[in-house]
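Subject: Structure for your files

Hello,

Here is the structure I said I would send. My notes on it follow below.

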Amino acid sequence: AMQRLSLSFFQKRQTGQLMTRVNNDATELQFFFVDGISYFIVNAMNIVGITAVLLIMDWRLTLICFAPLPLVIFVVRWVFPRLWRLSWRRHRRASAMNSVISDTMRGTRVVKAFGKERLEIARFHRANTAFSHVEMSFNKMSSTVFPLINVLTQIGGVLIWAFGGWKVMQGDFTFGKIMTFVNYIYLLYGPIQFMNNIAG
């Protein structure tokens, strides 16, 4: 595809940026289409099917199960734009670092001839440090947000145990019904966590 592009396209872009496109972005796209999209469809169907079963079993328990959902949506809407901006900054920093590597490798003879090794090392150090800072910021935020979303999601199960236990003591529900309901909820957590990973 790159060979079919015009010369002006290559003149406006750095070599490192194109290297990042070929190496990193192509791998991520391959993962999404080969592994991600098929599992995405299966897990989406599982979420819809399990939710339908829960509603049929008891709509009140289902509403309690999804009680933390507004909080999860709030966290997602607040955090995900920041994650996407960090991801784009990480991509730009990786492109800049690859550009330094590409320029140095192609111009090794010139660098050696004029004794510019220290200058090139300093250039790479600056690019590498900038990339590392963005990478750490992205990893710090994602490693905080996604466990938080999973915890908020699983609060529904705790509420079911509390409400269901109270209903069992009142004689309105059987213990077997609560156990069955909770088992279905645990089946729901796996697909939801997968969706979180895809979003990240």
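**Glutamate 120**

Glutamate 120 is buried, at a relative accessible area of 14%. This is a predicted model, and the notes should be read with that in mind. The residue belongs to helix α6, which runs over residues 117–170. Leaving out residues up to four places away in sequence, Glu120 touches Thr104 and Val111.

**Helix α6**

The length of α6 is consistent with its residue count: at 1.5 Å a residue, its 54 residues should span 80 Å, and the end C-alpha atoms are 79 Å apart, which agrees. After the helix comes glycine 171, with a positive phi near 85°.

**Cores**

The largest nonpolar core has 13 residues. Those with the most contacts inside it are Leu54, Leu61, Ile160, Ile178, Phe181, Ile185 and Leu188. Three helices each supply at least two residues of this core: α2 (15–57), α3 (59–65) and α7 (175–199). Of these, α7 gives the most, with 7 residues. For Ile178, the contacts beyond four places in sequence are Leu61, Trp161, Gly164, Val168 and Phe173.

There is also a second, separate core of 11 residues, and Phe80, Phe138, Val145 and Leu152 are among them. As a general point, nonpolar side chains in soluble globular proteins tend to be buried together.

**Aromatic residues**

The count of aromatic pairs comes to 3. One of them joins phenylalanine 80 and phenylalanine 146: the ring centres are 5.8 Å apart and the planes are at 70°, over the 60 degrees needed, so the pair is edge-to-face. Phe80 lies in helix α4 (residues 69–106) and Phe146 in helix α6, so this pair ties together parts that are 66 residues apart in sequence. Phe80 and Phe146 form one aromatic cluster together with Trp84.

Another pair is made by phenylalanine 163 and tryptophan 166. Here the rings are 6.1 Å centre to centre with 50° between the planes, and the pair is tilted. The two residues are 3 apart in helix α6, so about one helical turn separates them. An α-helix has 3.6 residues a turn, so residues three or four places apart point the same way. Phe163 is partly exposed, at 22% relative accessibility, and Trp166 is also partly exposed, at 44%.

**Proline 68**

Where is proline 68 found? Pro68 is in the loop between α3 and α4. Pro68 counts as buried, with 11% relative accessibility. Its contacts, leaving aside neighbours within four places in sequence, are Leu152, Ile155 and Gly156. The C-alpha atoms of Pro68 and valine 34, which are 34 residues apart along the chain, are separated by 32 Å.

Regards

How values were computed. Residues are numbered from 1 along each chain as its sequence is written. Side-chain values use heavy atoms; hydrogens and water are left out. A nonpolar core is a set of buried Ala, Val, Leu, Ile, Met, Phe, Trp, Tyr and Cys residues joined through side-chain atoms within 4.5 Å. Buried means under 20% relative accessible area, exposed over 50%, partly exposed in between (1.4 Å probe, protein chains only). Helices (H or I, at least four residues) and strands (E, at least two) are DSSP runs, numbered from the N terminus. Contact means heavy atoms within 4.5 Å. Rings of Phe, Tyr and Trp (its six-membered ring) pair if their centres lie within 6.5 Å; planes under 30 degrees apart count as stacked, over 60 as edge-to-face and the rest as tilted. The expected span of a helix is 1.5 Å times one less than its number of residues.
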